[in-house]
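Let's take a walk through a protein model together. Have the sequence and the 3D view open as you read.

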Amino acid sequence: MKKKFMLMGAGLALGSALLVTSAFAGIGGAKGYEAYKAAIKQTATVSNATHQVTLSVRDNGNELLNVKSTMKRDEATQSFSGIAAITAGTTVQTIDFHNQEGKNILKNSNSDTYYVIAESGHKEQMSKYKGWEDSAHNQVLENIVDTLVGNLKNYVVLGNTAGAHQTVTVSLRGSQIPSAANVIGSLIVKEALNRDHSQEDMDWQKIGNNPLGLDVKQIAAHFPKLSQEVNIDEVALHATIDENNYIMNQEIDFTISGKDASGQAHNVIISIDIDMSDINSTIPDIIDLTGKNIKTIKSSDFDH
């Protein structure tokens, strides 16, 4: 199952990267692009901070899914903690998560059970990806992104706000979105909305536990099954950069149109709002498992 998640994730990451880089990176030699790219690099160096992320999915004005999460992260102690509130329809579930002492800990608000997943071989696995952190490798990736940008450099608008803060704004509509990015984005949307989640249920049954306590199949049932005339209509980004060149907030919106098998038209808006705060002063919460109801899951159980 882990391999399947990785392949799916890689596909989504590649497709998203192509879409975002092609769409947002109106960014090549333009002043706005260079400012945004420099801020991304600077933000990537942050090793201690609190991140707040809100994801919203709406269809024809009705919110189908809302996820609000807060995560405290500290690379020095290799730990993080957080909470995520997931609202789908009238159902609200809250999940606490921790990473401490080489273990991932999950707890659903509807249960008193703490699921502990030991990270056996974690360091060895991470060492395999060390090459991705090399500056030479990053430069290659940066060159690829710059190449993909093409002639969309002038769509990024760089502005100033109070103090030394800057803003970066991009809004692409219709034909401004490259055809290749639109095709790839549409395929990703169709795959995501029409995915059969029955296999995930079987995988959890093999493990014997669903530590998240989420019924993904039920959540997915609320989403429209777009199968015809799927199109990315608009991509918009607004970012705020502080005086230290950190990206403190990013708001990203994707507007997608299409029809389901019955011909019903849908207008789907996916919004992502990302905030960062408490740089170099964040302390992840530590959960004391003494006396708690604990169930242990081996990391190898995910290797289906």
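Glutamine 78 counts as exposed, at 58% relative accessibility; on this scale, exposed means over 50% relative accessible area, buried means under 20%, and partly exposed is in between (1.4 Å probe, protein chains only). You'll find glutamine 78 in the loop between E2 and strand E3 (79-88). Helices (H or I, at least four residues) and strands (E, at least two) are DSSP runs, numbered from the N terminus. The phi angle of glutamine 78 is near 50°, which is a positive value in a residue other than glycine. Aspartate 278 has a positive phi too, near 50°, and isn't glycine either. That aspartate 278 sits in the loop between E11 and E12, and with a relative accessible area of 44% it is partly exposed.

A quick word on what you're looking at: this is a predicted model, where local features need pLDDT of at least 70 and side-chain atom pairs count only at pLDDT 80 or more, while totals for chains, interfaces and linings use all residues. Residues are numbered from 1 along each chain as its sequence is written, and side-chain values use heavy atoms, with hydrogens and water left out.

**The whole chain**

The chain has seven helices and 12 strands. Of its 304 residues, 38% count as buried. The chain exposes about 16600 Å², and carbon and sulfur atoms supply 55% of that; the areas come from the Shrake-Rupley method with a 1.4 Å probe, and for residues only the protein chains shown count as cover. Now for contacts, meaning heavy atoms within 4.5 Å. Among contacts in the chain with a separation of 6 or more, 62% are between residues 24 or more positions apart.

**Salt bridges**

Side chains of opposite charge can pair when their charged atoms come close. A salt bridge here is a side-chain nitrogen of Lys or Arg within 4 Å of a carboxyl oxygen of Asp or Glu. How many salt bridges does the structure hold? There are five, and the table shows some of them.

| Pair | N to O distance |
|---|---|
| Lysine 37 and glutamate 34 | 3.9 Å |
| Aspartate 285 and lysine 72 | 3.4 Å |
| Glutamate 75 and arginine 73 | 2.9 Å |

Why are lysine 37 and glutamate 34 about one helical turn apart? Because they are three residues apart in helix H2 (residues 31-44). Lysine 37 is buried, with a relative accessible area of 13%, whereas glutamate 34 is partly exposed at 35%.

Next, aspartate 285 forms a salt bridge with lysine 72. This pair links distant parts of the chain, 213 residues apart: aspartate 285 is in the loop between strand E11 (265-277) and strand E12 (293-298), and lysine 72 is in strand E2 (residues 62-74). Aspartate 285 is partly exposed, at 41% relative accessible area, and lysine 72 counts as partly exposed too, at 26%.

As for the remaining pair in the table, glutamate 75 is partly exposed with a relative accessible area of 47%, while arginine 73 counts as buried at 18%.

**A pocket to find**

The second largest pocket holds about 330 Å³ of space. To find pockets, a 1 Å grid is laid over the protein atoms alone; a pocket is an open set of points with protein on both sides within 12 Å along at least five of seven lines, and lining residues have an atom within 4 Å of a point. Points are joined across faces, edges and corners, and the volume is the space filled by probe spheres set on them.

Which of the 16 lining residues are closest to the centre of this pocket? They are Ile40, Thr43, Ala44, His51 and Met276. H2, strand E10 (247-259) and E11 each give two or more residues to the lining, and E10 has the largest share, with four residues. By class, the lining has seven nonpolar, six polar and three charged residues. Here Ala, Val, Leu, Ile, Met, Phe, Trp, Tyr, Cys and Pro count as nonpolar, Asp, Glu, Lys and Arg as charged, and the others, Gly among them, as polar.

**Tyrosine 246**

Is tyrosine 246 buried or exposed? It is buried, with a relative accessible area of 15%. Tyrosine 246 lies in the loop between strand E9 (228-241) and E10. Leaving out residues up to four places away in sequence, tyrosine 246 touches several others, including Thr43, Val46, Ile241 and Met276. Tyrosine 246 and lysine 41 are 205 residues apart in sequence, but their C-alpha atoms are 8.7 Å apart in space.

Methods:
On a 1 Å grid over the protein atoms alone, a cavity is a set of points where a 1.4 Å probe fits but cannot get out, and a pocket is an open set with protein on both sides within 12 Å along at least five of seven lines; lining residues have an atom within 4 Å of a point.
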